[in-house]
Amino acid sequence: MTNIKDMTPEEIITMARTFRKFIEEHAELLDDETAITVPTAFPEWTGDGSKYKIGDRVRYNGELYKVLQEHTSQTDWTPADAPSLLALVLGVDDDEPTEWQQPDSTNAYMLGDIVLYEGKKYMSVINNNVWSPGAFLSGWQRVI
């Protein structure tokens, strides 16, 4: 193996691009809970006519999104503006719950998901939970 100190800048760039492609290909194997911990492993969303397939994940404004429908991107269909095409991947970690975020029907909290809401931990007691503990307390159980 060649020492990086002996490589030209062009060779280093080529090696970095190869490594990046390897990372992105293997990141596809991660589940959402793991993927959200390494969002930089996924490509940045572009509105330049990129083709996206169901299940692809992309970064947009620092957040990780999952593709819901196969489509070709365009500038006015950003992940934040096209909820029928892409859904925000919500962070759920039983050890360190993340702050509750408003989901929609495409990325709801599921039974057992734990979140922080107004400084307290809550666990969803139903699947497809799109309500906050403040709006629908019977969909949540307080975790001490």
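This is a predicted model: local features need pLDDT of at least 70, side-chain atom pairs count only at pLDDT 80 or more; totals for chains, interfaces and linings use all residues.
A polar contact here is a pair of N or O atoms within 3.5 Å, and within protein one of them must be able to donate a hydrogen and the other to accept it. Keep that in mind for Gln74, whose side chain makes such a contact with the side chain of Asp76 at 2.8 Å.

**Overall build**
- The protein chain has two helices and nine strands, and reading from the N terminus the order goes α-α-β-β-β-β-β-β-β-β-β.
- Its C-alpha trace spans about 60 × 35 × 20 Å along the principal axes.
- The radius of gyration comes out at 19 Å, while a compact globule of 144 residues would sit near 15 Å.

**Burial and contacts**
- Of the 144 residues, 32% count as buried.
- The chain exposes about 9,200 Å², with carbon and sulfur atoms supplying 55% of that.
- Take the contacts between residues at least 6 apart in sequence: 21% of them join residues at least 24 apart.

**Around Gln74**
- Gln74 sits in the loop between strand S4 (71-72) and strand S5 (86-88).
- It counts as partly exposed because its relative accessibility is 30%, and that class runs between the 20% and 50% cut-offs.
- Setting aside neighbours within four places in sequence, Gln74 touches Trp45 and Gly47.
- Leu111 is 37 residues away from Gln74 along the chain, and their C-alpha atoms are 35 Å apart.

**A nonpolar surface patch**
- Ile4, Ile12 and Met15 make up a nonpolar patch on the surface, together giving about 230 Å² of accessible area.
- Ile4 belongs to the segment before helix H1 (9-27), and with a relative accessible area of 44% Ile4 is partly exposed.

Conventions: Residues are numbered from 1 along each chain as its sequence is written. Side-chain values use heavy atoms; hydrogens and water are left out. Helices (H or I, at least four residues) and strands (E, at least two) are DSSP runs, numbered from the N terminus. Buried means under 20% relative accessible area, exposed over 50%, partly exposed in between (1.4 Å probe, protein chains only). Contact means heavy atoms within 4.5 Å. Patches are made of residues with over 30% relative accessible area and no salt bridge: like charges are joined within 9 Å, nonpolar side chains (Val, Leu, Ile, Met, Phe, Trp, Tyr) within 5 Å. Accessible areas come from the Shrake-Rupley method with a 1.4 Å probe; for residues, only the protein chains shown count as cover. A salt bridge is a side-chain nitrogen of Lys or Arg within 4 Å of a carboxyl oxygen of Asp or Glu. The radius of gyration is taken over C-alpha atoms; the globule rule is 2.2 Å times the number of residues to the power 0.38.
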